[in-house]
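Please examine the sequence and the model shown here.

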Amino acid sequence: MILGGLLTILLGIAYMIIFVGLPYPDATLEEIAQQNFHMRITNVIVGVGFLGFWVGLLGGVAKFLFRIFKKRK
């Protein structure tokens, strides 16, 4: 899950580089709207990646702690 989260974050960054890019100096309202649309998609992809990363990390820590406490009994 941790690796999947990191790969999703990288996918979101790649999406941002490809579809959003750098803002144009004198962009029209249509171009700004298109960049904002793609930036929202990027935020969702990266957010899902961070969520997956943290779920995997916390799950791994919980599993590790469960094994330690189980051995002590």
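Helix H1 passes helix H2 in a left-handed crossing; a crossing is called left-handed if the near helix is turned anticlockwise from the far one by less than a right angle, and right-handed if clockwise. The axes of H1 and H2 (residues 29-72) come within 7 Å and cross at roughly 170 degrees. Axes are lines fitted to C-alpha atoms, for helices over the stretch in contact, and angles run from 0 to 180 degrees between N-to-C directions. H1 and H2 are therefore roughly antiparallel to each other, a term for angles over 145 degrees. Helices here are DSSP runs (H or I, at least four residues), numbered from the N terminus.

This is a predicted model, in which local features need pLDDT of at least 70 and side-chain atom pairs count only at pLDDT 80 or more, while totals for chains, interfaces and linings use all residues. Residues are numbered from 1 along each chain as its sequence is written, and side-chain values use heavy atoms, with hydrogens and water left out.

Leu3 is found in H1, which covers residues 2-20. Buried means under 20% relative accessible area, exposed over 50%, and partly exposed in between (1.4 Å probe, protein chains only).

| Residue | Relative accessible area | Class |
|---|---|---|
| Leu3 | 60% | exposed |
| Gly4 | 38% | partly exposed |
| Phe19 | 45% | partly exposed |
| Val46 | 18% | buried |

Leu3 and Phe19 are among the members of a nonpolar surface patch, which also includes Leu7, Leu10, Ile13, Ile17 and Ile18. Together these residues have about 750 Å² of accessible area, computed by the Shrake-Rupley method with a 1.4 Å probe, with only the protein chains shown counting as cover. Patch residues have over 30% relative accessible area and no salt bridge, and nonpolar side chains are joined within 5 Å. A salt bridge is a side-chain nitrogen of Lys or Arg within 4 Å of a carboxyl oxygen of Asp or Glu.

How far apart in space are Val46 and Leu11? Their C-alpha atoms are 7.8 Å apart, although 35 residues separate them in sequence.

Methods:
Patches are made of residues with over 30% relative accessible area and no salt bridge: like charges are joined within 9 Å, nonpolar side chains (Val, Leu, Ile, Met, Phe, Trp, Tyr) within 5 Å. Helices (H or I, at least four residues) and strands (E, at least two) are DSSP runs, numbered from the N terminus. Angles under 35 degrees count as roughly parallel, over 145 as roughly antiparallel, 65 to 115 as roughly perpendicular and the rest as oblique.
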